[in-house]
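Subject: Handover of a structure and the findings

Dear colleague,

Please find below the sequence and structure that I am handing over to you.

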Amino acid sequence: MKTLSENKCFGGVQGVYSHESTATDCEMTFAVYLPPQAEKGPVPCLWYLSGLTCTHENVMTKAGLQAHAAEFGLALVFPDTSPRGDGVANDEAYDLGQGAGFYVNATEAPWAPHFQMETYIAGELRDLIQEEFPVSIHHGITGHSMGGHGAMTLAMKYPGHYQSLSAFSPIANPSQSDWGRKQLGAYLGNDESLWAAHDTVSLLKTKGWVHDILVDQGADDQFYDLLKPEALAAALSETKTANNFRLHAGYDHSYYFVSTFARDHVAWHAERLKG
(Lines give C-alpha, C1' and ligand atoms only; values in the text may rest on other atoms or scores of the structure.)
Protein backbone atom coordinates (compact mmCIF):
# COMPACT_ATOMS: atom_id res chain seq x y z
CA MET A 1 0.00 0.00 0.00
CA LYS A 2 1.28 3.44 -0.97
CA THR A 3 0.40 6.65 0.81
CA LEU A 4 -0.41 9.28 -1.81
CA SER A 5 -1.44 12.06 0.58
CA GLU A 6 -2.49 12.66 4.18
CA ASN A 7 -4.05 15.89 5.44
CA LYS A 8 -5.24 17.02 8.85
CA CYS A 9 -9.02 17.38 8.72
CA PHE A 10 -11.46 18.14 11.57
CA GLY A 11 -8.93 16.83 14.06
CA GLY A 12 -8.46 13.60 12.15
CA VAL A 13 -6.61 12.57 8.99
CA GLN A 14 -7.89 12.39 5.42
CA GLY A 15 -5.65 10.05 3.48
CA VAL A 16 -5.47 8.80 -0.10
CA TYR A 17 -3.77 5.49 -0.82
CA SER A 18 -3.15 3.03 -3.64
CA HIS A 19 -2.33 -0.65 -3.89
CA GLU A 20 -1.97 -3.40 -6.46
CA SER A 21 -5.26 -5.28 -6.45
CA THR A 22 -5.39 -9.00 -7.03
CA ALA A 23 -9.14 -8.88 -7.65
CA THR A 24 -9.02 -6.24 -10.39
CA ASP A 25 -5.48 -7.00 -11.59
CA CYS A 26 -4.50 -3.33 -11.61
CA GLU A 27 -3.57 -0.50 -9.28
CA MET A 28 -6.53 0.81 -7.30
CA THR A 29 -6.80 4.10 -5.43
CA PHE A 30 -8.98 4.67 -2.37
CA ALA A 31 -9.38 7.18 0.43
CA VAL A 32 -9.81 6.74 4.19
CA TYR A 33 -10.77 9.33 6.76
CA LEU A 34 -9.78 8.57 10.35
CA PRO A 35 -11.53 10.70 12.98
CA PRO A 36 -9.61 12.00 16.02
CA GLN A 37 -11.15 9.20 18.12
CA ALA A 38 -9.07 6.67 16.15
CA GLU A 39 -5.97 7.86 17.99
CA LYS A 40 -7.30 6.10 21.09
CA GLY A 41 -8.30 2.82 19.44
CA PRO A 42 -10.36 1.17 16.71
CA VAL A 43 -13.51 2.98 15.56
CA PRO A 44 -16.53 1.78 13.52
CA CYS A 45 -16.23 2.14 9.77
CA LEU A 46 -18.66 3.60 7.23
CA TRP A 47 -18.18 2.77 3.55
CA TYR A 48 -19.38 5.24 0.90
CA LEU A 49 -19.76 3.91 -2.66
CA SER A 50 -19.83 6.57 -5.34
CA GLY A 51 -21.86 6.89 -8.53
CA LEU A 52 -21.24 6.92 -12.27
CA THR A 53 -18.12 8.77 -13.50
CA CYS A 54 -16.85 9.34 -9.94
CA THR A 55 -13.55 8.38 -8.34
CA HIS A 56 -12.76 8.30 -4.62
CA GLU A 57 -12.23 12.06 -4.80
CA ASN A 58 -15.75 13.35 -5.58
CA VAL A 59 -17.35 12.47 -2.26
CA MET A 60 -14.13 13.12 -0.36
CA THR A 61 -14.15 16.77 -1.44
CA LYS A 62 -17.85 17.54 -2.00
CA ALA A 63 -20.03 15.84 0.62
CA GLY A 64 -18.57 17.22 3.85
CA LEU A 65 -18.75 13.80 5.49
CA GLN A 66 -15.51 14.26 7.43
CA ALA A 67 -16.99 16.86 9.80
CA HIS A 68 -19.82 14.50 10.69
CA ALA A 69 -17.52 11.49 10.98
CA ALA A 70 -15.34 13.42 13.42
CA GLU A 71 -18.41 14.39 15.43
CA PHE A 72 -19.67 10.83 15.72
CA GLY A 73 -16.35 8.96 15.75
CA LEU A 74 -16.59 6.95 12.53
CA ALA A 75 -13.91 6.11 9.99
CA LEU A 76 -14.88 6.64 6.33
CA VAL A 77 -13.80 4.55 3.34
CA PHE A 78 -14.14 5.97 -0.17
CA PRO A 79 -13.29 3.35 -2.84
CA ASP A 80 -13.02 4.00 -6.56
CA THR A 81 -15.93 3.01 -8.79
CA SER A 82 -14.02 0.75 -11.17
CA PRO A 83 -10.61 -0.53 -12.21
CA ARG A 84 -8.60 1.93 -14.28
CA GLY A 85 -5.51 2.07 -16.48
CA ASP A 86 -4.27 1.75 -20.03
CA GLY A 87 -4.73 -2.01 -20.05
CA VAL A 88 -8.25 -1.91 -18.61
CA ALA A 89 -11.23 -2.21 -20.97
CA ASN A 90 -13.28 0.95 -21.46
CA ASP A 91 -16.17 2.35 -23.48
CA GLU A 92 -16.82 5.74 -25.06
CA ALA A 93 -20.06 6.08 -23.09
CA TYR A 94 -19.87 7.57 -19.60
CA ASP A 95 -22.10 4.84 -18.14
CA LEU A 96 -20.05 1.77 -19.08
CA GLY A 97 -16.46 0.79 -18.42
CA GLN A 98 -14.04 2.85 -16.37
CA GLY A 99 -15.96 4.89 -13.81
CA ALA A 100 -18.98 2.62 -14.15
CA GLY A 101 -18.16 -0.72 -12.55
CA PHE A 102 -21.64 -1.18 -11.02
CA TYR A 103 -20.05 -3.17 -8.16
CA VAL A 104 -20.43 -6.53 -9.92
CA ASN A 105 -18.04 -9.30 -10.91
CA ALA A 106 -18.03 -9.27 -14.71
CA THR A 107 -18.10 -12.59 -16.52
CA GLU A 108 -18.11 -11.32 -20.11
CA ALA A 109 -15.32 -10.11 -22.41
CA PRO A 110 -13.65 -7.66 -22.43
CA TRP A 111 -14.64 -6.77 -18.86
CA ALA A 112 -14.01 -9.98 -16.91
CA PRO A 113 -10.20 -9.70 -16.47
CA HIS A 114 -10.44 -6.48 -14.42
CA PHE A 115 -14.05 -5.64 -13.53
CA GLN A 116 -14.33 -7.69 -10.34
CA MET A 117 -15.66 -4.91 -8.15
CA GLU A 118 -17.87 -7.05 -5.91
CA THR A 119 -14.90 -9.15 -4.82
CA TYR A 120 -12.75 -6.05 -4.53
CA ILE A 121 -15.12 -4.08 -2.28
CA ALA A 122 -16.57 -6.89 -0.17
CA GLY A 123 -13.38 -8.92 0.03
CA GLU A 124 -9.96 -7.58 -0.85
CA LEU A 125 -10.33 -3.93 0.13
CA ARG A 126 -12.28 -4.79 3.27
CA ASP A 127 -9.43 -7.07 4.39
CA LEU A 128 -6.87 -4.38 3.62
CA ILE A 129 -8.78 -1.76 5.62
CA GLN A 130 -9.04 -4.11 8.60
CA GLU A 131 -5.32 -4.86 8.48
CA GLU A 132 -3.91 -1.39 7.87
CA PHE A 133 -6.24 1.01 9.70
CA PRO A 134 -7.55 1.29 13.29
CA VAL A 135 -11.13 0.23 12.54
CA SER A 136 -13.36 -2.14 14.47
CA ILE A 137 -15.33 -5.09 13.10
CA HIS A 138 -18.46 -2.92 12.96
CA HIS A 139 -19.06 -1.69 9.42
CA GLY A 140 -21.89 0.20 7.74
CA ILE A 141 -22.34 0.98 4.06
CA THR A 142 -23.97 3.77 2.07
CA GLY A 143 -23.69 5.26 -1.40
CA HIS A 144 -25.13 7.54 -4.03
CA SER A 145 -26.86 6.55 -7.28
CA MET A 146 -24.82 3.64 -8.72
CA GLY A 147 -23.13 3.57 -5.33
CA GLY A 148 -26.49 3.35 -3.59
CA HIS A 149 -27.20 0.33 -5.77
CA GLY A 150 -23.85 -1.13 -4.74
CA ALA A 151 -24.38 -0.42 -1.06
CA MET A 152 -27.78 -2.10 -0.90
CA THR A 153 -26.94 -5.12 -3.03
CA LEU A 154 -23.66 -5.83 -1.24
CA ALA A 155 -25.27 -5.40 2.18
CA MET A 156 -27.91 -7.98 1.35
CA LYS A 157 -25.43 -10.38 -0.27
CA TYR A 158 -22.91 -10.08 2.59
CA PRO A 159 -25.05 -9.49 5.69
CA GLY A 160 -22.22 -10.51 8.02
CA HIS A 161 -20.07 -7.67 6.69
CA TYR A 162 -22.39 -4.76 7.37
CA GLN A 163 -24.52 -3.88 10.38
CA SER A 164 -26.08 -0.70 8.98
CA LEU A 165 -27.31 0.41 5.56
CA SER A 166 -28.43 3.61 3.87
CA ALA A 167 -28.50 5.12 0.39
CA PHE A 168 -28.81 8.43 -1.45
CA SER A 169 -30.90 8.26 -4.66
CA PRO A 170 -30.00 4.63 -5.39
CA ILE A 171 -30.44 2.87 -8.71
CA ALA A 172 -32.92 0.52 -7.09
CA ASN A 173 -34.20 -1.68 -9.90
CA PRO A 174 -31.43 -1.81 -12.54
CA SER A 175 -32.77 -4.90 -14.28
CA GLN A 176 -35.78 -2.80 -15.29
CA SER A 177 -33.97 0.47 -16.04
CA ASP A 178 -31.79 1.86 -18.81
CA TRP A 179 -29.33 2.53 -15.99
CA GLY A 180 -28.75 -1.16 -15.43
CA ARG A 181 -29.93 -3.25 -18.34
CA LYS A 182 -27.12 -1.98 -20.54
CA GLN A 183 -24.44 -2.50 -17.89
CA LEU A 184 -25.68 -5.82 -16.49
CA GLY A 185 -26.00 -7.17 -20.01
CA ALA A 186 -22.46 -6.06 -20.87
CA TYR A 187 -20.85 -7.34 -17.67
CA LEU A 188 -22.93 -10.46 -16.98
CA GLY A 189 -24.35 -11.49 -20.36
CA ASN A 190 -27.85 -11.70 -21.76
CA ASP A 191 -29.25 -14.23 -19.30
CA GLU A 192 -31.46 -11.88 -17.30
CA SER A 193 -31.98 -14.45 -14.56
CA LEU A 194 -28.40 -13.69 -13.48
CA TRP A 195 -29.15 -10.00 -13.06
CA ALA A 196 -31.46 -10.50 -10.07
CA ALA A 197 -28.44 -11.02 -7.79
CA HIS A 198 -27.50 -7.40 -8.49
CA ASP A 199 -30.94 -5.80 -8.21
CA THR A 200 -32.07 -4.33 -4.87
CA VAL A 201 -35.78 -4.88 -5.53
CA SER A 202 -35.14 -8.55 -6.35
CA LEU A 203 -32.76 -9.08 -3.44
CA LEU A 204 -35.24 -7.63 -0.94
CA LYS A 205 -37.66 -10.37 -1.98
CA THR A 206 -35.14 -13.23 -2.04
CA LYS A 207 -32.56 -12.41 0.65
CA GLY A 208 -34.01 -9.44 2.51
CA TRP A 209 -32.36 -7.18 5.07
CA VAL A 210 -32.84 -7.92 8.76
CA HIS A 211 -32.13 -4.39 9.99
CA ASP A 212 -33.62 -1.05 8.93
CA ILE A 213 -32.71 1.11 5.93
CA LEU A 214 -32.48 4.88 5.46
CA VAL A 215 -33.10 6.13 1.91
CA ASP A 216 -33.12 9.78 0.80
CA GLN A 217 -34.43 10.66 -2.66
CA GLY A 218 -34.84 14.04 -4.32
CA ALA A 219 -38.32 14.58 -5.75
CA ASP A 220 -36.83 16.82 -8.46
CA ASP A 221 -34.07 14.36 -9.34
CA GLN A 222 -33.40 14.68 -13.07
CA PHE A 223 -32.80 10.90 -13.22
CA TYR A 224 -35.85 9.93 -11.17
CA ASP A 225 -37.32 7.57 -13.79
CA LEU A 226 -34.00 5.74 -14.19
CA LEU A 227 -33.58 5.20 -10.45
CA LYS A 228 -36.99 3.50 -9.94
CA PRO A 229 -37.63 4.78 -6.39
CA GLU A 230 -41.30 3.75 -6.60
CA ALA A 231 -40.25 0.12 -7.17
CA LEU A 232 -37.96 0.31 -4.14
CA ALA A 233 -40.70 1.78 -1.94
CA ALA A 234 -43.10 -0.96 -3.05
CA ALA A 235 -40.54 -3.72 -2.37
CA LEU A 236 -39.76 -2.35 1.09
CA SER A 237 -43.47 -2.36 1.88
CA GLU A 238 -44.10 -5.79 0.38
CA THR A 239 -41.24 -7.39 2.30
CA LYS A 240 -42.08 -5.50 5.51
CA THR A 241 -38.52 -4.19 5.71
CA ALA A 242 -38.16 -1.51 8.38
CA ASN A 243 -37.20 1.69 6.63
CA ASN A 244 -37.14 5.47 6.62
CA PHE A 245 -37.76 6.40 2.98
CA ARG A 246 -37.68 10.18 2.59
CA LEU A 247 -38.72 12.06 -0.56
CA HIS A 248 -37.46 15.65 -0.58
CA ALA A 249 -39.21 18.33 -2.63
CA GLY A 250 -36.93 20.55 -4.71
CA TYR A 251 -33.78 18.41 -4.44
CA ASP A 252 -31.98 16.96 -7.45
CA HIS A 253 -29.30 14.29 -8.00
CA SER A 254 -26.26 16.43 -7.20
CA TYR A 255 -23.80 16.55 -4.32
CA TYR A 256 -25.72 19.57 -3.03
CA PHE A 257 -28.44 17.03 -2.23
CA VAL A 258 -26.01 14.51 -0.75
CA SER A 259 -24.26 17.08 1.44
CA THR A 260 -27.60 18.41 2.72
CA PHE A 261 -28.50 15.05 4.28
CA ALA A 262 -24.99 13.69 4.90
CA ARG A 263 -25.08 14.33 8.65
CA ASP A 264 -28.36 12.40 8.97
CA HIS A 265 -26.74 9.37 7.37
CA VAL A 266 -23.58 9.47 9.47
CA ALA A 267 -25.69 9.82 12.64
CA TRP A 268 -27.89 6.92 11.48
CA HIS A 269 -24.89 4.64 11.05
CA ALA A 270 -23.20 5.79 14.25
CA GLU A 271 -26.28 4.94 16.30
CA ARG A 272 -26.41 1.43 14.85
CA LEU A 273 -22.67 0.71 14.81
CA LYS A 274 -21.93 2.09 18.27
CA GLY A 275 -25.26 1.43 20.00
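Predicted model: local features only at pLDDT ≥ 70, side-chain atom pairs only at ≥ 80, totals over all residues.

Residues are numbered from 1 along each chain as its sequence is written, and side-chain values use heavy atoms, with hydrogens and water left out.

The whole chain

The chain contains nine helices and nine strands; these are DSSP runs numbered from the N terminus, with helices being H or I of at least four residues and strands E of at least two. Along the principal axes, the C-alpha atoms fill a box of roughly 50 × 45 × 35 Å.

Of the 275 residues, 58% are buried (buried means under 20% relative accessible area, exposed over 50%, and partly exposed in between, with a 1.4 Å probe and protein chains only). Among contacts with a separation of 6 or more, 71% join residues 24 or more positions apart; contact means heavy atoms within 4.5 Å.

The nonpolar cores

A nonpolar core is a set of buried Ala, Val, Leu, Ile, Met, Phe, Trp, Tyr and Cys residues joined through side-chain atoms within 4.5 Å. The largest one has 63 residues, and those touching the most other members are Phe30, Trp47, Ile121, Leu125, Ile129, Tyr162 and Tyr187. Helix α3 (residues 117-132) gives this core its largest share, seven residues. Beyond its neighbours within four places in sequence, Ile129 is in contact with Phe30, Val32, Cys45, Trp47, Val77 and Val135. A second, separate core holds 26 residues, including Leu46, Met60, Leu65 and Val258.

Leu226 belongs to helix α7 (residues 224-227) and is partly exposed, at 23% relative accessibility. Setting aside residues up to four places away in sequence, Leu226 touches Ile171, Ser177, Asp178 and Trp179. Leu226 and Ser177 are 49 residues apart in sequence, yet their C-alpha atoms are 5.6 Å apart. Lys228 lies in the loop between α7 and α8 (229-238); its relative accessibility of 22% makes it partly exposed.

The loop between β5 and α3

Thr107 is found in the loop between β5 (75-78) and α3, and is exposed with a relative accessible area of 52%. Not counting residues up to four places away in sequence, Thr107 touches Ala112, Tyr187 and Leu188. Pro110 lies in the loop between β5 and α3 as well.

Backbone features

Most residues other than glycine have a negative phi, and most peptide bonds are trans. Which residues are joined by a cis peptide bond? Ala109 and Pro110 are, with omega at about 0 degrees. Ser145, although not a glycine, has a positive phi of about 60 degrees. Ser145 is placed in the loop between β6 (135-143) and α4 (146-157) and is buried, at 3% relative accessibility. Lys228 is not a glycine either and has a positive phi of about 60 degrees.

Yours sincerely
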